[in-house]
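Biologist: Can you walk me through this model? I'd like to go piece by piece, with the terms spelled out as we go.

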Amino acid sequence: MKKNALIVWGGWDGHEPEQVSHIFKGILEEENFNVEVSNSLDSYADPEKLKSLDLIVPHWTMGEIDKKYVLNISDAVMSGVGLAGCHGGMCDSFRNNVDWQFMTGGNWVAHPGNDGVEYMVNIKHSTSPLLEGFSDFKVVSEQYYLHVDPAVEVLATTRFPVVDGPHATNKAVDMPVVWTKRWGQGHVFYNSLGHQANIVAMPEVSLIMRRGFLWAAKEKNSSEGLVASANSNGRVYTGMGDSQ
């Protein structure tokens, strides 16, 4: 049976939200999802519709949102609907809404050096199988510094500082890049990579997102999660397992 996903894109154009939403739509359709794509926050107005979904994919940077819409999304995720997204499209959304930040697990505060910083993404050993088979990899993009919920399960990190700045006088820190968390019965997945569509289209990043989508959209009210493993052409297959 096909699952149902909603992608809502918008906000700051610099993150190329429309282009990224097309990439996400393609990934989900390859995984047999029915996908609705919207560029209106009013798509969050119907709480019963949201609860009927398997996955919500927000990609909206900054902006403001009706508090009722965040409550609708929160209630849907608590009921078992997955929530998954990347970069500023999920954790630099609606900066004045702390409920959104609590649900998603973190919020952006800086990207020292801005775009074009070369840095490593380091895969972490954890109870999650989502990044199984991945090796550390290099990215040239924005390196996100975030304030992160200590309840998340961290699957990948990046080391700061890479470039100079006021933060560099502190000791080195490993900043979460990929994480999962629970929100009621729902699974929440986040990947800080994805400044623009070319980064999202990187094989490593698109595969991380594919696995995150599948894990977040696991069967509602089931104790079985999704173990995603890639074959030689990067496709993902699922089996048993769980994260958190």
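Modeller: Helices (H or I, at least four residues) and strands (E, at least two) are DSSP runs, numbered from the N terminus. This is a predicted model, where local features need pLDDT of at least 70 and side-chain atom pairs count only at pLDDT 80 or more, while totals for chains, interfaces and linings use all residues. Residues are numbered from 1 along each chain as its sequence is written, and side-chain values use heavy atoms, with hydrogens and water left out.

Biologist: OK, start with α3. What do its buried residues pack against?

Modeller: They pack against α2 (47–51), β3, β4, α5 (98–104), β10 and β11. The buried residues in α3 are Y69, V70, N72, I73, S74, A76 and V77. Buried here means under 20% relative accessible area, exposed means over 50%, and partly exposed is in between (1.4 Å probe, protein chains only).

Biologist: And how far does α3 reach from its first C-alpha to its last?

Modeller: 16 Å for its 12 residues, close to the 16 Å expected at 1.5 Å a residue. The expected span is 1.5 Å times one less than the number of residues.

Biologist: What caps the N-terminal end of α3?

Modeller: D66 does, with a side-chain oxygen 2.7 Å from the backbone nitrogen of K68. Just after α3, G80 takes a positive phi of about 125°.

Biologist: Now the sheet. What's the strand order?

Modeller: The sheet is open, has 9 strands and mixed pairing, and goes β2-β1-β3-β4-β11-β10-β9-β6-β7. Two strands pair if DSSP finds at least two bridges between them. From one strand to the next, the twist averages 20°.

Biologist: How many bridges join β4 to β11?

Modeller: There are 4, between β4 (residues 82–86) and β11 (residues 186–191), and the two run parallel. A84 has F189 in β11 as its bridge partner.

Biologist: Which strands does α1 touch?

Modeller: Helix α1 (residues 17–30) packs on the sheet, touching β1 (3–11), β2, β3 (55–61) and β4. Its direction makes about 170° with that of β1. Helix α7 (residues 203–216) packs on the sheet too, touching β2, β3, β4, β7, β10 (173–183) and β11, and its direction makes about 170° with that of β11. For those angles, axes are lines fitted to C-alpha atoms, for helices over the stretch in contact, and angles run from 0 to 180 degrees between N-to-C directions.

Biologist: Switching topic: where's H15, and is it buried or exposed?

Modeller: H15 lies in the loop between β1 and α1. Its relative accessibility is 3%, so H15 counts as buried.

Biologist: Which side chains does the H15 side chain make polar contacts with?

Modeller: It makes one with the side chain of H87 at 3.3 Å, and one with the side chain of H195 at 3.4 Å. A polar contact is a pair of N or O atoms within 3.5 Å; within protein, one must be able to donate a hydrogen and the other to accept it, and residues adjacent in sequence count only if both atoms are side-chain atoms. Not counting residues up to four places away in sequence, H15 touches several others, including H59, E142 and Y144.

Biologist: Tell me about H87, then.

Modeller: H87 is in helix α4 (residues 87–91) and has a positive phi of about 45° although it is not a glycine. At 1% relative accessibility, H87 is buried.

Biologist: Last one: which residues have the most contacts inside the largest nonpolar core?

Modeller: F24, L28, L55, L193 and F213, in a core of 40 residues. A nonpolar core is a set of buried Ala, Val, Leu, Ile, Met, Phe, Trp, Tyr and Cys residues joined through side-chain atoms within 4.5 Å. The largest share of this core, 8 residues, comes from α7. Apart from it lies another core of 31 residues, among them Y44, I65, C91 and W108.

Conventions:
Contact means heavy atoms within 4.5 Å.
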